[in-house]
Amino acid sequence: MNQQQPASSQQKPIAMKKEGTSHFTATGYVNNGLIGADQNWYEFELLKAATGTIKLEAGNEQDGVLAIYQNGKLVKQSDFYLRADDELLSISLPKGKYQIQVKDANGYASIEPYKLTVDMK
């Protein structure tokens, strides 16, 4: 599962809002009009190893996909649920910086903003 991800339309990941030692949030939209569909990138840093969840809550029009990367390599991906369902990824991670890619499985744009939450303990 060590896949390299091609460059996105975004120059660099957006820092997630830190709401505790290991709780992070972000909101955004998936836009249309981009070849291969839009993808948004976020970044967070764990100061120690932790176990928890990464959740993507999107509108009814979205079939969200989230993927977590470290140093450009895919760590884990979640595309288990269909349109209008949240994606939930249970994961254990060592200390370090991580990037999360958010996109729609079918390349559709979002009408309502999505919410991305990282909750590690």
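Which residue is the bridge partner of Ile54 in β10? The partner is Val118.

## Basis of the description

This is a predicted model, in which local features need pLDDT of at least 70, side-chain atom pairs count only at pLDDT 80 or more, and totals for chains, interfaces and linings use all residues. Residues are numbered from 1 along each chain as its sequence is written, and side-chain values use heavy atoms, with hydrogens and water left out.

## The five-stranded sheet

Five strands form an open sheet in the order β2-β3-β10-β5-β8, and their pairing is antiparallel. Strands here are DSSP runs of E with at least two residues, numbered from the N terminus; two strands pair if DSSP finds at least two bridges between them. The edges of the sheet are held by β2 (17–18) and β8 (87–93); each has a single partner strand, so one side of each is left without a neighbour in the sheet.

Strand β5 (residues 50–57) runs antiparallel to β8 and is joined to it by seven bridges. Within this pairing, Gly52 stands opposite Ile91, and Ile54 stands opposite Leu89. β5 also pairs with β10, again in the antiparallel sense, over six bridges.

## The nonpolar core

A nonpolar core is a set of buried Ala, Val, Leu, Ile, Met, Phe, Trp, Tyr and Cys residues joined through side-chain atoms within 4.5 Å. Buried means under 20% relative accessible area, exposed over 50%, and partly exposed in between, with a 1.4 Å probe and protein chains only. The largest such core has 22 residues, and those with the most contacts inside it are Met16, Phe44, Ile54, Ile68, Ile100 and Leu116. Two or more residues each are given to this core by β3 (23–28), β4 (39–46), β5, β6 (64–70), β8, β9 (96–104) and β10 (114–120). Strand β10 supplies the largest share, four residues. In soluble globular proteins, nonpolar side chains tend to be buried together.

Leaving aside neighbours within four places in sequence, Ile100 is in contact (heavy atoms within 4.5 Å) with Met16, Asn40, Trp41, Tyr42, Phe44, Ile54, Leu66, Ala67, Ile68, Leu116 and Val118.

## Aromatic pairs

The whole structure holds four aromatic pairs. Rings of Phe, Tyr and Trp (its six-membered ring) pair if their centres lie within 6.5 Å; planes under 30 degrees apart count as stacked, over 60 as edge-to-face and the rest as tilted. One of the pairs is formed by Tyr42 and Tyr114, which is edge-to-face because the ring centres are 6.4 Å apart and the planes stand at 85°. Tyr42 lies in strand β4 and Tyr114 in strand β10, so this pair ties together parts that are 72 residues apart in sequence.

Phe44 and Tyr98 form a stacked pair, at 5.6 Å centre to centre and with 25° between the planes. Since Phe44 lies in strand β4 and Tyr98 in strand β9, the pair ties together parts that are 54 residues apart in sequence. Phe44 is buried at 3% relative accessibility, as is Tyr98 at 1%. Ring pairs also link Phe24, Phe44 and Tyr98 into a cluster.

## Thr117 in β10

Thr117 is found in strand β10 and counts as buried, at 13% relative accessibility. Apart from neighbours within four places in sequence, the residues in contact with Thr117 are His23, Phe24, Thr25, Thr53, Ile54, Lys55 and Glu57.
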